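Below is a short report on a predicted model.

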There are 2 protein chains.
Amino acid sequence: MVGAGQLARMTQQPAIALGVELRVLANSPDESAARVIVDTRIGDYRDLADLREFARGCDAVTFDHEHVPTEHIWALAADGVAVHPGADALVHAQDKAVMRERLTAIGAPCPAWRVVSSADEVSAFAEEHGWPVVLKAIRGGYDGRGVWVVRTPEEFPGGELLAEAFVPFQRELAVLVARSPHGQGVSYPVVETVQEDGICVEVLAPAPGLDPEDAAQAQRIALKIAEDLGVTGLLAVEMFETADGLVVNELAMRPHNSGHWTIEGATTSQFEQHLRAVLDLPLGSPAMTAPYVVMANLLGGDDPDIFKRYEHVMAHDPGVKVHFYGKDVRPGRKIGHVTATGADLDTVRARAKHAAVYLTTGEYT
Amino acid sequence: MVGAGQLARMTQQPAIALGVELRVLANSPDESAARVIVDTRIGDYRDLADLREFARGCDAVTFDHEHVPTEHIWALAADGVAVHPGADALVHAQDKAVMRERLTAIGAPCPAWRVVSSADEVSAFAEEHGWPVVLKAIRGGYDGRGVWVVRTPEEFPGGELLAEAFVPFQRELAVLVARSPHGQGVSYPVVETVQEDGICVEVLAPAPGLDPEDAAQAQRIALKIAEDLGVTGLLAVEMFETADGLVVNELAMRPHNSGHWTIEGATTSQFEQHLRAVLDLPLGSPAMTAPYVVMANLLGGDDPDIFKRYEHVMAHDPGVKVHFYGKDVRPGRKIGHVTATGADLDTVRARAKHAAVYLTTGEYT
């Protein structure tokens, strides 16, 4: 796995059970996954020589993030390395313009969109589709960075950007599917994601009150995207639920924050599923282990010394599951997550929220 | 954790989530846990200098096996190391004569027993309690080794042994409890263990059809032993169910084969629970995640190349969970286990058995 963040770290847990010898390419031995994976190589994912050295002897190469240059992935594939997802698929998670073009071509529901490179072009787009306009960096955006919601042409930040019509959504959903090289596909239940300032703070599984027809439609859309784009491994499809139906927002081709609930909440965690998919093993059951599962992210607060609060959370609720990423606490940084499961959604949600808020702020909700 | 077998290996999984930096003392870098734990130290657990070097900087020291000399554990404690379980407790899992003496003193149900060192003493014991007599090595027995069921004095193998009256049991049960240094205790549901040739092959959770009064009594016995012996960490109590009630067979003070089902089958796995207990953190919920959970051990068969069978098992049953220990296949060696969960015991048991038998022998059950 190229990259040694929390996604690689959490992938080590099922790798241990499956007997998969996981190797990661880290920037430094202090990174989240490097702390828990014996076969950690230090190198630069932007350097083809480092990638080639890293890939030597691997049965498959996959990613913890989308930042490896597309041409390097082509080069690895040309060397005979089994890269999953391949560059032709991954480019759709790297380049939002390529993604919109392809999704439009295969008939997946998208907002109106256009590539723009001047304030005048933004105005022209807004004349057709109205203000506000959502502008996105074509490459490299993450967790709300690289996204601007503009209400006048003067707010155009410059550069070549993807313009999208603002979608008046009711809520945000996510569908996580896996597809293996031999073509097997599975879909997890559709979840609701709750964002604050562009960062996911809470995931509710399954999405409460979602019409079963809409849920099935969301899963069909995600599986069709995975197949048509030739995705191997996981594909997370973020969607808007609107009065007129579903609209695809973003794609990610790796374990995804919206799937952390699967560690306890599904028979096969997304991390195990990703390993099975990229190794072309039969996929595991995505069935839920409880009626409701809620995941809440832990965002670093002002007080870095969380140990006493960690003890409180464990004592307060012996059933809540705490996951730390081995990262120093910095305000707003994702340092971990908590998961609660149960039969009553309100209770499960309150338990997860209490643990997350108390751990990060010391406030008692 | 002193020792780097599969118990330490599986402890790494919750250590990753809890943010606990797990260090192991291994005999060699090829051992099961050494393959997945970055902070692996190589040394000899029988050597006090190695143990002292290993313990330096650890918040707590615990064990993957019972073989560390009791006097070394006393020495570590005298150095100020937080050792859990402490030597005064652990000796009851190391020395079967000490264990029987103490259990008898606290009123835990035991078979008749006596330390013997000659065929004549075995005969005298049998005159009181009947043949056959069960003879056990006082220290060092494991997985059926160091146990003899003798029907005549001529079968006495020599040495100083523990003689026990043969218990005509209906089945074998196990109770897993945890106790933390501040005195919190929890008990997992009582399970049935199925042995073949002295090796556990299958664990059924909860023990099917067990009278609720007997289940509560078994849990009370185990919690009382943990408290009276001052156990910190996990305590597994193996029991016989007989027509006259429960009889304690063996004790172990570490994660135990009879608790592997908890990885998927309980809210808190035994490995997480052991970490929480030895670090004096609040204990986690032992509640089951499904009505029935069955674990079957994978014992190495004649054919070491299990990869195709591994694929079959995953394809045949997407819900079965496979755990490998990173060990080479040798006939009879525990190389992993499988777990199935569900609402119907017969189905769950058949699924686990199919996976275990097919993986190890290629036979289709």
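**Helix packing in chain A**

Helices α10 (residues 307-316) and α11 (residues 345-361) of chain A pack with their axes 8 Å apart, at an angle of about 165°. That angle is over 145°, the cut-off for this class. The two helices, α10(A) and α11(A), are therefore roughly antiparallel. Their crossing is right-handed. From α10(A), the residues A:Arg309, A:Tyr310, A:His312 and A:Val313 meet A:Ala355, A:Tyr358 and A:Leu359 of α11(A). By class, this contact of α10(A) with α11(A) holds five nonpolar residues, one polar and one charged.

A second pair is α3 (residues 70-78) and α4 (residues 87-94) of chain A. Their packing angle is about 165°, and their axes lie 10 Å apart. Hence α3(A) and α4(A) are also roughly antiparallel to each other. In this pair, α3(A) passes α4(A) in a right-handed crossing. On the α3(A) side, the contact is made by A:Thr70, A:Ile73, A:Trp74 and A:Ala77. On the α4(A) side, it is made by A:Ala87, A:Leu90, A:Val91 and A:Gln94. Six residues of the contact of α3(A) with α4(A) are nonpolar, two are polar and none is charged.

How much of α4(A) is buried? Six of its eight residues are, so the helix is mostly covered. The buried residues of α4(A) are A:Ala89, A:Leu90, A:Val91, A:His92, A:Ala93 and A:Gln94. The cover over them includes α3, α5 (96-105) and β12 (245-252) of chain A.

The crossing of α1(A) and α9(A) is right-handed. Here α1(A) supplies A:Met10, A:Thr11, A:Gln13, A:Pro14, A:Ala15 and A:Leu18. These meet A:Phe271, A:Glu272, A:His274 and A:Leu275 in α9(A). The residues of the contact of α1(A) with α9(A) divide into six nonpolar, three polar and one charged.

| Helix pair | Angle | Axis separation |
|---|---|---|
| α10(A) and α11(A) | about 165° | 8 Å |
| α3(A) and α4(A) | about 165° | 10 Å |

The same surface serves both copies, since 100% of the contact residues of chain B recur in chain A.

The contact between the chains takes 28 residues from chain B and 28 residues from chain A. On the side of chain B that touches chain A, the elements giving two or more residues are α1 (6-18), α10 (307-316) and β14 (321-324) of chain B. The largest share, six residues, comes from α1(B). By class, that side of chain B has 15 nonpolar, ten polar and three charged residues.

One residue of helix α10 of chain B is B:His312. With 18 other C-beta atoms within 10 Å, B:His312 is partly exposed.

**Backbone details**

Most residues other than glycine have a negative phi, and most peptide bonds are trans. There are exceptions here.

A cis peptide bond joins A:Trp131 and A:Pro132, with omega about -10°. A:Pro132 sits in the loop between α6 (119-129) and β4 (133-137) of chain A. The bond from A:Ala205 to A:Pro206 is cis, with omega near -10°. A:Pro206 is in the loop between β10 (199-205) and α7 (212-228) of chain A.

A:Asp197 has a positive phi, near 55°, though it is not a glycine. A:Asp197 lies in the loop between β9 (191-196) and β10 of chain A. Is A:Asp197 buried or exposed? A:Asp197 is exposed, with 9 other C-beta atoms within 10 Å. In chain B, B:Asp197 has a positive phi of about 55°. B:Asp197 counts as exposed, with 9 C-beta neighbours inside 10 Å.

Key
Residues numbered from 1 in each chain as written. Chains lettered and ligands numbered in written order. Predicted model: local features only at pLDDT ≥ 70, side-chain atom pairs only at ≥ 80, totals over all residues. Contact = placed C-beta atoms within 7 Å. Helix = DSSP H or I, 4+ residues; strand = E, 2+ residues; numbered from the N terminus. Nonpolar A, V, L, I, M, F, W, Y, C, P; charged D, E, K, R; others polar. Axes fitted to C-alpha atoms, helices over the stretch in contact; angles between N-to-C directions. Parallel < 35°, antiparallel > 145°, perpendicular 65-115°, else oblique. Left-handed = near helix turned anticlockwise from the far one by under 90°. Buried ≥ 20, exposed ≤ 12 C-beta atoms within 10 Å, placed from the backbone.
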